[in-house]
Amino acid sequence: MGAFLETPKTDKYNEHGEGNRLKYGVASMQGWRPEMEDAHQAVTGLEGGLSDWSYFAVFDGHAGALVSAHSSEHLLECILQTEEFKAEDVIKGIHSGFLSLDDKMRGLPQMSDGTDKSGSTAVCAFISPKNIYIANCGDSRAVLCRSGNPVFSTRDHKPVLPAEKDRIKKAGGNVMIQRVNGLLAVSRALGDYEYKNVEGRGPCEQLVSPEPEIFVRDRDDDHDEFLVLACDGIWDVMSNEDLCDFIHSRLLLTDDLEAVTNQVIDTCLYKGSRDNMSIVLITFPGAPKPNPEAKKKEAELDMLIERTIKDIVSEEEEKKDFEFMTLIQRLVEQGIPNLPPGGGFPAKQKLIESVFRKVCPSRADSISLTYDFLQYN
């Protein structure tokens, strides 16, 4: 699980849609990992008399992609088919649906014969006309932005959390280097059946639990802006506040949600994320709208960055050791104002590279994704 490619795969998968007064955009990228193990689902208008309900989910697989792929295809169905959900007990229905899916997947041939040992985190949201139901199992995360601020976030299920650690120990395991038995970095997940074989204990009492933590928020159409579901490849390098600030600022420039989610993934890659990355962005009627003044400021920022790069290159180009990282360091020293909130210089990396290639083509081969963008700080 710790292997990396020599260069990241930066091709993106995109998707978008709208319905029930919601809009959504999806972006995913394999990045530095040798395999793409993420999956997602987005549905506006559910069956069974729930046409005004919508469902969104992100699944972050590990040790293979089978569980994440199967979960993306079947979790919604498992939840909707529960007696509890049919009886309009949404919370119990979601809970039962997670456990049902996990139990059914155990019988897949690759699982029962032990040839596949994969698992997956899961974070999903049901959005009804009045409520937002969010369920989380693992360390993918959902964040709700209201009036420009992150007002709700799910909790990452890590083995070091006291309640998680207590369950693991009671099941005969231990937590070493912040991992279950020193191996698995999450304490709740779908699949991972080699951690779910302790006799005499129920499914939610195992070393790794498939139990979701479920939250309900009332909708506020006047102030709700957007909901983000994303895997830890995003959250590893962006805080809740950073991501909300960045998305808010991008929505003032464009209503193309695919473009916004692509910018998030690119920025996270340049911030140093080494994992698969997937994000589902759902906007509500109260989301920011493109603003001429914001567009003007962004254009002025781009012109300032380009002008500054040209000035630096004219001063430094004759030096033998001048390369792209020298430019980055000089840009930081310049203290460029009004960089994208939450994104900073990494959000402008593509522009910086483009200008550098244009004005300093002989040094273009010094551009590399392998450095750590903490050098910007």
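This is a predicted model: local features need pLDDT of at least 70, side-chain atom pairs count only at pLDDT 80 or more; totals for chains, interfaces and linings use all residues.
The protein chain contains 11 helices and 14 strands. Its C-alpha trace extends over about 70 × 45 × 35 Å along the principal axes. The radius of gyration is 22 Å, in agreement with the value near 21 Å that a compact globule of 377 residues would have. Of these 377 residues, 53% are buried. Among contacts between residues at least 6 apart in sequence, 68% join residues at least 24 apart. The accessible surface amounts to about 16600 Å², and carbon and sulfur atoms account for 47% of that area.

Two elements, helix H7 (240-251) and helix H9 (292-316), each give two or more residues to its lining. The largest share, 7 residues, is provided by H9. In total the lining comprises 17 residues, and those nearest the pocket centre are Glu293, Ala294, Lys297, Glu298 and Asn338.

Leucine 227 is located in strand S13, which covers residues 224-230. With a relative accessible area of 0%, leucine 227 falls under the 20% limit and is therefore classed as buried. Leaving aside residues up to four places away in sequence, leucine 227 touches Ala125, Ile127, Ile132, Ile134, Ala142, Val143, Leu144, Val280, Leu281, Ile282 and Phe284. Lysine 319 lies 92 residues from leucine 227 in sequence, and the C-alpha atoms of the two residues are 48 Å apart in space.

Note on methods: Residues are numbered from 1 along each chain as its sequence is written. Side-chain values use heavy atoms; hydrogens and water are left out. Helices (H or I, at least four residues) and strands (E, at least two) are DSSP runs, numbered from the N terminus. Buried means under 20% relative accessible area, exposed over 50%, partly exposed in between (1.4 Å probe, protein chains only). Contact means heavy atoms within 4.5 Å. On a 1 Å grid over the protein atoms alone, a cavity is a set of points where a 1.4 Å probe fits but cannot get out, and a pocket is an open set with protein on both sides within 12 Å along at least five of seven lines; lining residues have an atom within 4 Å of a point. The radius of gyration is taken over C-alpha atoms; the globule rule is 2.2 Å times the number of residues to the power 0.38. Accessible areas come from the Shrake-Rupley method with a 1.4 Å probe; for residues, only the protein chains shown count as cover.
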